[in-house]
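Hello,

Here is the structure I promised to pass on. My notes on what turned up follow below it.

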Amino acid sequence: MTTGPLPRAQQGAEPQLLLTSLLGDFWYWRDEHIPSAALVQLLGEFDISPASARAAIRRLAARDLLTVSRSGRTTAYGIPARTSEVIIERTHRMLTFGTTAPEWDGRWTVVTFSVPEQDRGLRTALRSRLRVLRFAALYDGVWVSPHDLAGPAMAALRELDLRSATVFRATEVPGDAVSPAAAFDLEPLAREYEGFVERYEQVLTGLDAGLISPAQALRTRTELRVDWRRFPETDPDLPAELLPAGWARDRAQKVFLQIYDRLGPLAELRFRQVLAATDPALAELASHHDSARVAALFAELGDRHPAGDTPFEQAAEARRLDEARRQ
């Protein structure tokens, strides 16, 4: 089965992100370690050179995002303990994001602050944390969100030991004044959603025609995850009352979910094929998880939700703060 060129990740995903996405898709809740040679071959499916693949594996292990074991001359890597629950929660969030707009009580969370000019580092740190929480700047020292984020905002202020700030919940007074909704510029995000749909609708056409190979499925499903994962982190997830007409997220979410679920079996087959070249017994343990299976696993977590203290969560938070600082 072959087809024409399929869409590639929008910015070209780095090897570390590709590898964690692959393991998070086909290997979570597994204690077994995968030989480094197999991981190098998996990254080779994405045109990552062996040298770059090995460097990515070493860096992930150095950051405690992979565990290491050795048997003779073979080095193998696995998912750290407690990471599976994190993967399940984050995958569930990714798969369900955008299915509905949140309900709104009409109130805003407002953070006002004054930071002296000489404390630019503190101001940058605060703005970064507010962006990660998906606040937007209405004015220089006034940031707003339609979500009840008073608790997380207060936690950010305490973390930075910032005393010249106030957090409160308020309703908008009708009139000609600037609405807090003006803080959210949705046009760039709308273009991203529209671009996502344009790139990936052709995958559905190829699937309907039976023209996508296992190798293409593995590559496309992984890069699809990488492309989509940004939206739950950057979309302010505004209530329906604040969204423009024809908001493109609904269409993009449906395209994402259809491709994710439908490519799963073919992508799993290719993952197994690559792994079998190094260790046929391990290859039999690989499995994909569609949206229904992820929902069931998420329900089974019960109260065992991640507490933010695993290396995976800390690394994700650090990455988001770094991206926010560059905005």
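**Helix packing and confidence**

Thr91, Met94 and Leu95 of helix 4 are in contact with Gln253, Phe256, Leu257 and Tyr260 of helix 10. By class, the residues of this contact are five nonpolar, two polar and no charged. Helix 4 spans residues 83-96 and helix 10 spans residues 249-276. Their axes lie 9 Å apart, at an angle of about 130°. The two helices are therefore oblique to each other.

Please keep in mind that this is a predicted model. The mean pLDDT of the protein chain is 91. A score of at least 70 is reached by 96% of the residues. Where is confidence lowest, and where is it highest? The lowest is helix 13, residues 311-325, with a mean of 81. The highest is strand 6, residues 142-145, at 98.

Next, helix 5 and helix 6. Helix 5 covers residues 120-132, and helix 6 covers residues 150-160. They pack with their axes 10 Å apart and an angle of about 155°. Angles over 145 degrees count as roughly antiparallel, so that is how helix 5 and helix 6 run relative to each other. Their crossing is right-handed. Helix 5 contributes Leu122, Ala125, Leu126 and Arg129 to the contact. Helix 6 contributes Ala156, Leu157, Glu159 and Leu160. Six of these contact residues are nonpolar, none is polar and two are charged.

Then there is the pair of helix 7 and helix 8. Which way do they run relative to each other, parallel or antiparallel? Helix 7 (residues 187-208) packs on helix 8 (residues 214-228) at an angle of about 170°. The axes are 12 Å apart. Helix 7 is therefore roughly antiparallel to helix 8. On the helix 7 side, the contact is made by Tyr193, Phe196, Arg199, Tyr200 and Val203. On the helix 8 side, it is made by Thr220, Glu223, Leu224, Asp227 and Trp228. This contact has six nonpolar residues, one polar and three charged.

Last, the annotation. The unreviewed UniProt entry marks residues 18-78 as "domain: Transcriptional repressor PaaX-like N-terminal". In the model, that span is 51% helix and 20% strand. Its end C-alpha atoms lie 15 Å apart.

Best wishes

Key. Residues numbered from 1 in each chain as written. Predicted model: local features only at pLDDT ≥ 70, side-chain atom pairs only at ≥ 80, totals over all residues. Heavy atoms only, no water. UniProt positions renumbered as here; feature names shortened; annotations may be inferred. Helix = DSSP H or I, 4+ residues; strand = E, 2+ residues; numbered from the N terminus. pLDDT = per-residue confidence, 0-100. Axes fitted to C-alpha atoms, helices over the stretch in contact; angles between N-to-C directions. Parallel < 35°, antiparallel > 145°, perpendicular 65-115°, else oblique. Left-handed = near helix turned anticlockwise from the far one by under 90°. Contact = heavy atoms within 4.5 Å. Nonpolar A, V, L, I, M, F, W, Y, C, P; charged D, E, K, R; others polar.
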